Amino acid sequence: MPDIAKLAEAQGAVGIGPVTKASDVKAALEKGVAILKKGGVCVIDFHVDPPAERQAISALGHRETGY
């Protein structure tokens, strides 16, 4: 999986993440908003597990539109 935060940094933005725990979301958003308010560019890389129904569909080898 690509490191989106590092890719953003390579383009001159501030990269935050990957954020993988719900407990880290608030801090990442607060940091990102602070950077934006100072006129910076920020990318936050969230790694979120898909919902259970999507995981079940993937396990069966099917794709459903809308995800």
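Contact here means heavy atoms within 4.5 Å. This is a predicted model in which local features need pLDDT of at least 70 and side-chain atom pairs count only at pLDDT 80 or more, while totals for chains, interfaces and linings use all residues. Residues are numbered from 1 along each chain as its sequence is written, and side-chain values use heavy atoms, with hydrogens and water left out.

**View 1. Overall fold of the predicted model.**
The protein has 3 helices and 2 strands, where helices (H or I, at least four residues) and strands (E, at least two) are DSSP runs numbered from the N terminus. Along the sequence the pattern is α-β-α-β-α. Of the 67 residues in the protein, 18% are buried; buried means under 20% relative accessible area, exposed over 50%, and partly exposed in between, with a 1.4 Å probe and protein chains only. The accessible surface comes to about 5,200 Å², and carbon and sulfur atoms account for 57% of that surface. Accessible areas come from the Shrake-Rupley method with a 1.4 Å probe, and for residues only the protein chains shown count as cover. Of the contacts between residues at least 6 apart in sequence, 45% join residues at least 24 apart.

**View 2. The largest nonpolar core and Ala28.**
Ile16, Val19, Ala28, Ile35 and Cys42 make up the largest nonpolar core, which has 5 residues. Strand S1 (14-19) and H2 each supply at least two residues of this core. A nonpolar core is a set of buried Ala, Val, Leu, Ile, Met, Phe, Trp, Tyr and Cys residues joined through side-chain atoms within 4.5 Å. Not counting residues up to four places away in sequence, Ala28 touches Ile16, Val19 and Ile44.

Asp45 is found in strand S2. The residue is buried yet has no salt bridge, and Lys6, the nearest side chain of opposite charge, is 10 Å away. For charge, Lys and Arg count as positive and Asp and Glu as negative, while His and the chain ends are not counted. A salt bridge is a side-chain nitrogen of Lys or Arg within 4 Å of a carboxyl oxygen of Asp or Glu. With neighbours within four places in sequence left aside, Asp45 is in contact with Pro2, Asp3, Ile4, Ala5, Ile16, Gly17, Pro18 and Val19. The peptide bond from Gly17 to Pro18 is cis, with omega near 10°. Pro18 has its place in strand S1.

**View 3. Glu9 and Lys6 in helix H1.**
By the rule stated for View 3, the count of salt bridges comes to 3. One of them joins Glu9 to Lys6, with 3.6 Å between the closest N and O atoms. Because Glu9 and Lys6 are 3 residues apart in helix H1 (residues 4-10), they are separated by about one helical turn. Glu9 has a relative accessible area of 36% and is therefore partly exposed, whereas Lys6 counts as exposed at 52% relative accessibility. Leaving aside neighbours within four places in sequence, Glu9 is in contact with Val14 and Gly15. The C-alpha atoms of Glu9 and Val43 are separated by 8.6 Å, although these residues are 34 apart along the chain.

Glu30 forms a salt bridge with Lys26, and the closest N and O atoms are 4.0 Å apart. Both Glu30 and Lys26 lie in helix H2 (residues 25-37), 4 residues apart, which is about one turn of the helix. Glu30 counts as partly exposed at 48% relative accessibility, and Lys26 counts as exposed at 59%. Asp24 forms a salt bridge with Lys21, with the closest N and O atoms 3.9 Å apart. Asp24 is partly exposed, with a relative accessible area of 33%; Lys21 counts as partly exposed at 47% relative accessibility.

**View 4. The surface patch around Phe46.**
A nonpolar patch on the surface is formed by Leu29, Phe46 and Val48, which together have about 280 Å² of accessible area. Patches are made of residues with over 30% relative accessible area and no salt bridge; like charges are joined within 9 Å, and nonpolar side chains (Val, Leu, Ile, Met, Phe, Trp, Tyr) within 5 Å. Phe46 belongs to strand S2 (residues 42-46). Phe46 counts as partly exposed because its relative accessibility is 35%.
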